[in-house]
Amino acid sequence: MKPTNYHLFDFLDFDVDLKKDESLWKAYKPLAVEEKDGDILVSVPFQKQVLDNDMAADKDVPQEVYTLVIRQYGPKITRLFMGFGEERMTDESEMLQYSSRIVKMPLHADFADDQWIISTDDGVKRSVINMREPVLDRWSDLQPDPQETLDIRLYPDGKREVRLAAYDHFSPPRYDALPLAFCKNEGRKERATLSFECKADECFAGTGERFAKMDLSGQTFLLKNQDGQGVNNRRTYKNIPFYVSSRMYGTFYHTCSHGKLSLAGHSTRSVQFLSDQAMVDAFVIGGDSFEEIIRGYRDLTGYPSMPPLWSFGVWMSRMTYFSADEVNGICDRLRSEHYPCDVIHLDTGWFKTDWLCEWKFNEERFPDPEAFVHGLKDKGFRVSLWQLPYVAENAEQIDEARANDYIGPLTKKQASEGSNFSALDYAGTIDFTYPEATAWYKGLLKRLLDMGVVCIKTDFGENIHMDAIYKGMKPELLNNLYALLYQKAAYEITKDVTGDGIVWARAAWAGCQRYPLHWGGDSCSSWDGMAGSLKGGLHFGLSGFAFWSHDVPGFHTLPNFMNSVVDDDVYIRWTQFGVFSSHIRYHGTNKREPWFYPNIAPLVKKWWNLRYALIPYILQESRKATESGSTLLQALVFHHPEDKTCWHIDDEYYFGDSFLVAPVMNSENRRDIYLPEGSWINFFTGERIDGGRWLKDVEVPLEEMPVYVREGSVIPVYPEYTDCTDDMDMSKVIEITTDETFKGIFNTVSL
């Protein structure tokens, strides 16, 4: 459909021809405000509008009254809830996992000066409901008076004001946003919208793994998980209904329905959310820093768990290895040539038929899987395995899965979508809303984990069969939530069997941060693929996730998807980026082992050695991230939200709290570098540089990378070469202080 640039059609999804039996209902001024069990209940009347782009009240239809619930959790989170149909407010949800900090604070309402003042027992103002009539100096009746509106100001932390978009209109018939409204279609309540006022200079970030510029202001996103098919488009594997604002608040929309989020997009005056459910449930979180705001989000939806030590080493993979002999040959060469490595990943080729996932090793090419896995472990290699949550038509398990409803029965045949390069017919999606199906799936994984496999790559999960019947919910609600249910099942059985809680996941929704870790999907092995990956990782970190990785040096090639050659400079620059990421895995459609790039192989080994030297620091920052609102890959705004320059930088980042990293993403070996306020030390030379300025057109030879450390930082490092983390003796860890005595990492540690 061509855009109309009108709110009713482009945002609220009304039929442009206005031929459907649908209606819009707008919130009016509250009728009553009362206290109940510590909540504030606001009776809000809704007036039906005539079915026209020019909004006007349909006075022939009586108003409908619904209850808006205002609730306070702790000193910094305010919740707004209103259900228009059968939806009820609940604290029981797969997305919610409250921490001990989420304590309901009773609210009280007092009426004074034509306003309801909502406050907590400590006397802190949490909300104001304005009941005043607008001040007028009437001189014209050319335009009708505006309709009543819902004018509420929230103060989630008692300081910052977040106001509903009560007055976002031109002339009264021409609305660009509505504070609160819902839609009916053929008499059924569906779709609801909630809008907050935004400021002219306000910036936004988060919303998931968004492959976009740092400041998302002016954009509107469809919150529907789908196969991203790259990292340079509007599709994304990981939508998270949570954003942060430069005004130092964040909003989490508690829903798994498809929806839209417009961050000053349809209207520069409003942040608008549209849910395909007839419900709005928003947690508004205030804070003095993004760490504090994101911690509030994690208090609601759960904290990341700590990945195991070995996971922070190098992972080696490609699409794909086909036999035990091939894998053993690669691992033996890694050891004999002293490339440190901890994990070997087997992608689509370990089954009887490539891509045909049956959760069983090919008996001819892997004749003794258990001995194979244990033999690799004896050499210091853990084994990770690829699979997906669909059962193919010709899979061994298809009859069992159908007979027991382990896959949702299809109501009609569906064409596959996404990166199904095998063209297999995936006959059904495993139904994780059905406990028996979840137990069956865990059993399939348990047989592999019992052999000694340590990690399951929970690939796909963004798309499900939409024309299927699932036990627990409709597919429209399951689509986004599916990633959470899928990864939870794999994570739980992996932790039960191995003791280590870990998956390697591509899709995500709210709550998935509890089950690390996630990677950035099928990026191109190019500079734009690298840049898009980093943008996605920065927004993902501002969406509550601590751990994130990416395919080094990109997943696929151009112009030939699987067969073009990766350039040496792309390989080494992406390696440098990987060293300063929470996890580093080599993977892609063709050769990824460093000896296939002989001109740069010695340089690759040097960077891998540096990675292992930094593991003590990475562990330190990871533990911090699991207990706070921090993340490993941090956008500059995470530390400098008041610096307007940082809101326009998406090619630099903090790695933990101490490092500032500026990857080179071009063949010219040059870039501009922005140093925020403070004193910085070049990590490789020890040179001291004052921040708050740009370094323009800096030449960076291929063997170097712009990495700076805050002056005075204490960096724990491992001082010796090691083949894998099994060989690390953490009592040998030393601490480096980046002061006047520091002359660069390679002059301090021999690697």
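Q: How many disulfides does a search of the whole structure find?
A: The search finds 0 disulfides. Keep in mind that this is a predicted model.

Q: What about C183, which cysteine sulfur is nearest?
A: That of C256, 19 Å away. C183 is in no disulfide.

Q: Is C183 buried or exposed?
A: C183 is buried, at a relative accessible area of 2%.

Q: And C256, what is its nearest cysteine sulfur?
A: The sulfur of C512, at 12 Å. A disulfide needs the two sulfurs within 2.5 Å, and C256 is in none.

Q: Buried or exposed, C256?
A: C256 counts as buried, with 8% relative accessibility.

Q: Switching to helices. At what angle do helix 6 and helix 7 pack?
A: About 40 degrees, with the axes 9 Å apart. That angle makes helix 6 oblique to helix 7. Helix 6 covers residues 435-450, and helix 7 covers residues 475-498.

Q: Left-handed or right-handed crossing?
A: Helix 6 passes helix 7 in a right-handed crossing.

Q: Which residues of helix 6 and helix 7 meet?
A: From helix 6, T438, Y441, K442, L445, K446, L449 and D450. They meet Y486, A489, A490, E492, I493, T494, V497 and T498 in helix 7.

Q: Now helix 10 and helix 11. Within what distance do their axes come?
A: The axes come within 5 Å. They cross at roughly 45 degrees. Helix 10 and helix 11 are therefore oblique to each other.

Q: Which residues make the contact?
A: R611, Y612 and A613 on the helix 10 side. Helix 11 brings I615, P616 and I618.

Q: What classes are those residues of helix 10 and helix 11?
A: There are 5 nonpolar residues, no polar ones and 1 charged.

Q: On to the backbone. Cis or trans, the peptide bond from M319 to T320?
A: The M319 to T320 bond is cis, with omega near 20 degrees.

Q: Where is T320?
A: In the loop between strand 21 (314-316) and helix 3 (324-336).

Q: And the bond from P516 to L517, cis or trans?
A: That bond is cis, with omega near 10 degrees. L517 lies in the loop between strand 27 (504-505) and strand 28 (518-519).

Q: Why flag these?
A: Because most peptide bonds are trans.

Q: What is phi at L18?
A: Near 55 degrees, a positive value in a residue other than glycine. L18 is in the loop between helix 1 (7-10) and strand 1 (22-27). L18 counts as partly exposed, at 25% relative accessibility.

Q: What about phi at W355?
A: W355 has a positive phi of about 80 degrees, although it is not a glycine. The loop between strand 22 (343-346) and helix 4 (369-378) holds W355.

Q: Buried or exposed, W355?
A: W355 counts as buried, at 6% relative accessibility.

Q: New topic, P663. Where is it?
A: P663 is in the loop between strand 34 (659-661) and strand 35 (670-675). At 1% relative accessibility, P663 counts as buried.

Q: What is P663 in contact with, leaving aside neighbours within four places in sequence?
A: P663 contacts M530, L534, F577, D651, Y653, R671 and M705.

Q: How many residues apart are P663 and W25 in sequence?
A: They are 638 residues apart. In space, P663 and W25 are 50 Å apart, C-alpha to C-alpha.

Q: Last one, F746. Where does it lie?
A: F746 lies in the segment after strand 41 (734-737). F746 counts as partly exposed, at 29% relative accessibility.

Q: What is F746 in contact with, leaving aside neighbours within four places in sequence?
A: F746 contacts K606, L610, F684 and L751.

Q: And how many residues apart are F746 and Y321 in sequence?
A: F746 and Y321 are 425 residues apart in sequence. Their C-alpha atoms are 35 Å apart in space.

Notes. Residues numbered from 1 in each chain as written. Predicted model: local features only at pLDDT ≥ 70, side-chain atom pairs only at ≥ 80, totals over all residues. Heavy atoms only, no water. Axes fitted to C-alpha atoms, helices over the stretch in contact; angles between N-to-C directions. Helix = DSSP H or I, 4+ residues; strand = E, 2+ residues; numbered from the N terminus. Parallel < 35°, antiparallel > 145°, perpendicular 65-115°, else oblique. Left-handed = near helix turned anticlockwise from the far one by under 90°. Contact = heavy atoms within 4.5 Å. Buried < 20%, exposed > 50% of the residue type's maximum accessible area, 1.4 Å probe, protein only. Nonpolar A, V, L, I, M, F, W, Y, C, P; charged D, E, K, R; others polar.
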